[in-house]
Amino acid sequence: MAKTQNVLFDVQGPRGRRISAALNVLGVLLAAGLAWIVLGALAEQGQLDADRWTPLFTARAWENFLLPGLWDTLRAALLAVLLSVVFGLVFGLGRLSQAAPVRWVSTVVVEFFRAVPVLVMMIFFYLGIGQAGLVEPANVPFWAVVLGLMFYNGSVIAELIRSGVHQLPKGQREAGLVIGLTPSRSLRMIELPQALTAMLPSLVSQFVVILKDTALGYIITYPELLASGRRLGSGDGNILQTLFVVALVFVLINYLLTVLAAWLSRFLSFRTSGGAKVAEGPLAAEEKALP
């Protein structure tokens with residue numbers, strides 16, 4: 001099997017590999033030394049004592065603070081993801097529309113919400129929904145977080161869709177037009193599915209951003225995981241240890257999202273290649289039968 005050559009840089013020779021290995025070892029030693037210094041300073045201040053960590057592994061901590069905060073984080077992130085995808089599909093297709101007014105309106109909406117910080121939108125919706133009395137006061141922070149995340153991340157997804165379709169070979173649309181599809185149907189049936197598959201890693205990265213940005217909700221009193229952890233740590237006097245556990249929970253969830261994205265990408269690639277083989281099978285059999 002032939003080896004693939006990296007086109008970004010030349011293959012290192014023996015001397016280059018020795019230098020890279022030495023630099024890697026030096027980097028590991030520096031990181032270990034820095035970690036040793038930090039842990040030593042924390043130990044001197046009593047931050048590594050068992051009595052600061054044991055309250056985090058009790059039923060009280062998880063049942064009353066961490067698990068409810070995690071649930072609030074996940075439900076806000078899940079709804080924001082769903083609404084962001086819908087928003088992105090609508091305005092992403094709008095930016096690709098053949099009708100100039102639709103394209104202009106979609107461009108203005110996307111560029112506006114991409115430029116406004118997420119926190120500003122959360123505060124705006126928190127104040128606006130609260131004063132308008134559209135929902136119950138207890139649900140105002142939840143909807144402010146969801147709407148802020150939807151408008152910002154939906155605009156980013158719309159731009160991903162637009163750029164993903166533009167990066168496809170022009171032959172995709174031409175093939176659709178040849179078989180009698182209109183430009184809009186070719187976009188929906190041929191180009192968009194390929195673009196979504198190609199930009200799946202970017203989409204998952206945006207979903208991770210949505211999950212992390214739910215932490216901004218503590219500013220508008222939304223009881224997500226970070227806010228719940230801060231309350232727990234402030235009450236028990238171990239805020240550093242609590243935030244460390246909260247960070248581990250976020251890392252674990254984001255890692256699971258990455259694993260899911262990798263599996264989904266392989267699954268879609270398998271389905272695409274399998275479909276191609278099935279489609280080529282009868283044609284290849286007919287070609288073999290020809291004299």
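A total of 7 salt bridges is counted in the chain, a salt bridge being a side-chain nitrogen of Lys or Arg within 4 Å of a carboxyl oxygen of Asp or Glu. The structure is a predicted model, in which local features need pLDDT of at least 70 and side-chain atom pairs count only at pLDDT 80 or more, whereas totals for chains, interfaces and linings use all residues. Residues are numbered from 1 along each chain as its sequence is written, and side-chain values use heavy atoms, with hydrogens and water left out.

The secondary structure consists of 11 helices and 0 strands; helices (H or I, at least four residues) and strands (E, at least two) are DSSP runs numbered from the N terminus. Along the sequence the pattern reads α-α-α-α-α-α-α-α-α-α-α. Of the 291 residues, 33% are buried, where buried means under 20% relative accessible area, exposed over 50%, and partly exposed in between (1.4 Å probe, protein chains only). Among contacts with a separation of 6 or more, 70% are made by residues 24 or more positions apart, contact being defined as heavy atoms within 4.5 Å.

The salt bridges include one between the side chains of aspartate 236 and arginine 60, with an N to O distance of 3.2 Å. Aspartate 236 belongs to helix 10 and arginine 60 to helix 3, so this pair ties together parts that are 176 residues apart in sequence. Both partners are partly exposed, aspartate 236 with a relative accessible area of 29% and arginine 60 with 40%.

Glutamate 159 takes part in two further pairings. With arginine 114, its closest N and O atoms are 3.9 Å apart; the pair links distant parts of the chain, glutamate 159 being in helix 6 and arginine 114 in helix 4, 45 residues apart. Glutamate 159 is buried, at 16% relative accessible area, while arginine 114 is partly exposed, at 35%. With arginine 162, the closest N and O atoms of glutamate 159 are 2.5 Å apart. These two residues are 3 residues apart in helix 6 and are therefore separated by about one helical turn. Arginine 162 is partly exposed, with a relative accessible area of 22%. Through shared partners, salt bridges join Arg95, Glu111, Arg114, Glu159 and Arg162 into one network.

The largest nonpolar core contains 52 residues, of which Phe87, Phe125, Val145, Leu149, Phe151, Ile210 and Leu225 touch the most other members. Such a core is a set of buried Ala, Val, Leu, Ile, Met, Phe, Trp, Tyr and Cys residues joined through side-chain atoms within 4.5 Å. Two or more residues of this core come from each of helix 3 (59-95), helix 4 (100-115), helix 5 (118-132), helix 6 (140-166), helix 8 (183-198), helix 9 (200-213), helix 10 (225-236) and helix 11 (239-289). Helix 6 supplies the largest share, 14 residues. Leaving aside residues up to four places away in sequence, phenylalanine 151 touches Phe87, Phe113, Met121 and Phe125.

Helix 5 has 15 residues and reaches 21 Å from its first C-alpha to its last, close to the expected 21 Å, the expected span being 1.5 Å times one less than the number of residues. Its buried residues are Val118, Met121, Met122, Phe125 and Ile129. Viewed down the axis of helix 5, these fall within an arc of 100° and so line one face of the helix; the arc is that of the directions from the helix axis to the C-beta atoms. Exposed residues Phe124 and Gln131 are carried on the face turned away from the buried side of helix 5. The cover over the buried residues of helix 5 includes helix 4, helix 6 and helix 9. Glycine 133, with a positive phi near 65°, follows helix 5.

For helix 3, the 37 residues should span 54 Å, and the end C-alpha atoms are 51 Å apart, which agrees. Helix 3 bends by about 35° at leucine 66, with proline 68 following within four residues; the bend is the angle between axes fitted to the seven residues ending at a residue and the seven starting there. Aspartate 72 is also found in helix 3 and is buried, with a relative accessible area of 12%. Not counting residues up to four places away in sequence, aspartate 72 touches Tyr222, Pro223 and Glu224.
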